[in-house]
Amino acid sequence: MTTADTTKTGYHIKGDFFEACSCANICPCAVGADPDDGQCWTFTGYHISEGTIREVDVSNLSVVSLSQVAGNMIAGNWREVLFVDGSATDAQAQALLDAFQGHLGGALAELAAMVGERVATYRTAIEYTSGNGKGSIRVTSPQGQGYAIEASMEAYRGPDGNPTQLVNSIASSILGNAIVVGKASSDTVSLPEHQMQWSYSGRGAMQGQFDLRA
């Protein structure tokens, strides 16, 4: 494949990510260990600050993967609902789906290969905030009322007051950057039509930046 073809069919995206799950403290999945209680109910949100997919500019757009994982996360068999930013054009939405469903290779394809059941895909409003080790995310429900996902999180702090990081882990190697670990003060998912409904407080959370390309 030529360089021009790679540019046309690949992607390079950078931005912020957020994750909260049912595991206590630091999520074991980040280092390849089994999740607490043998399962991990989780979401990962990606806000793209800048980037292109198949030469389509997808800057300032977000994607959220909501997943139920029974057993070790690396073993796959994830059950996933994927949310794509409702402000995306049709071309942008398709480009995001192509990348995050694994059609364009790279780390996103490695993650997509873990999905055993693609339950549904929705285009809806996604809001997020990030700064000083704190983050929040809200995903409007497919019906347009209330939130399918609503969570707030804050980093653990080291002795110097800076956020605690994982720098050499399976998760950090996939995302291309160190990961800030902490807890979610709230993590509520309400998607009963797909048997995804839970609410946790004080469970594991991670955030940071990603730099992905293929």
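I will talk about the aromatic pairs of this predicted model and then about its largest pocket. Residues are numbered from 1 along each chain as its sequence is written, and side-chain values use heavy atoms, with hydrogens and water left out. Because the model is predicted, local features need pLDDT of at least 70 and side-chain atom pairs count only at pLDDT 80 or more, while totals for chains, interfaces and linings use all residues.

Let me begin with the rings. A search of the whole structure finds five aromatic pairs, where rings of Phe, Tyr and Trp (its six-membered ring) pair if their centres lie within 6.5 Å, and planes under 30 degrees apart count as stacked, over 60 as edge-to-face and the rest as tilted. One of them joins W41 and W198, a tilted pair with 6.2 Å from centre to centre and 35° between the planes. W41 lies in strand β2 (residues 39–53) and W198 in strand β12 (residues 196–200), so this pair ties together parts that are 157 residues apart in sequence; strands here are DSSP runs of E, at least two residues, numbered from the N terminus. W41, at 19% relative accessibility, counts as buried, and W198 counts as buried at 8%, the term meaning under 20% relative accessible area with a 1.4 Å probe, protein chains only. Elsewhere, ring pairs link Y46, F100 and F210 into a cluster.

Now to the pocket. On a 1 Å grid over the protein atoms alone, a pocket is an open set of points with protein on both sides within 12 Å along at least five of seven lines, and lining residues have an atom within 4 Å of a point. The largest pocket holds about 540 Å³ of space, a volume being the space filled by probe spheres set on the points, and among the 28 residues that line this pocket, T44, Y46, M73, W78 and L111 are the closest to its centre.

Methods
Helix = DSSP H or I, 4+ residues; strand = E, 2+ residues; numbered from the N terminus. Buried < 20%, exposed > 50% of the residue type's maximum accessible area, 1.4 Å probe, protein only. 1 Å grid on protein atoms, 1.4 Å probe; cavity = no way out; pocket = protein on both sides within 12 Å on 5 of 7 lines; lining within 4 Å.
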